[in-house]
Amino acid sequence: MKQLFRVALAALLACSFMHGASAAANVGTADEAVAMVKKAAAYIAANGRDKAFAEISNPNGQFKDRDLYIAVLDQKGVTLAHGGNAKLIGKSMIDLKDVDDKHFIKAFLDVAATKGNGWVDYKWPNPVSKAIEKKSTYVEKAGDLVIICGIYKG
């Protein structure tokens, strides 16, 4: 009986570790977010805005990977392309705040204007867990555009 218990416990633990690894594999990393932003900037430069914005906004396109997606803003906070929610295209997001009243879009624009690139931390609903989670978004200025990609930190 003890042997059966040990085998069952080992199997349960193995399954929980595999599920954890599987769940971790379903979320993007900081390095992947940076790489996706750089890929999007190169794609815009090579293909022009119209083609690039259509591809970035395509939910099945090359700029959507698990929970990672690209969004492109102008310098006033208007969404020009969005891989996570096409309904935001054309809308000004400048006054958007997180649950702590942080104007994170303004923070994106500030990072782009002052540093050229960097990370902005804020809290936002995770569409998978439905919980408010810490999110960190990589921001990069590309000409007069601001390209972003965020990761949830759980």
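**View 1. Pairing of Val72 with Ala81 in the predicted model.** Val72 has Ala81 of strand E4 as its bridge partner. Strand E3 (residues 71-74) and E4 pair in the antiparallel sense over 3 bridges; two strands count as paired if DSSP finds at least two bridges between them. Helices (H or I, at least four residues) and strands (E, at least two) are DSSP runs, numbered from the N terminus. Residues are numbered from 1 along each chain as its sequence is written, and side-chain values use heavy atoms, with hydrogens and water left out. Because the model is predicted, local features need pLDDT of at least 70 and side-chain atom pairs count only at pLDDT 80 or more, whereas totals for chains, interfaces and linings use all residues.

**View 2. The open sheet of 5 strands.** The strand order is E4-E3-E7-E6-E5, with antiparallel pairing. Strand E4 (79-82) and strand E5 (117-125) each have a single partner strand and stand at the edges, so one side of each lacks a neighbour in the sheet.

**View 3. Helix H2 across the sheet.** Helix H2 (residues 30-47) lies across E3, E5, strand E6 (132-142) and strand E7 (145-152). H2 runs at about 155 degrees to E7 (axes are lines fitted to C-alpha atoms, for helices over the stretch in contact, and angles run from 0 to 180 degrees between N-to-C directions).

View 4. Gly116, with a positive phi near 90 degrees, follows H4.

Terms used. Contact means heavy atoms within 4.5 Å.
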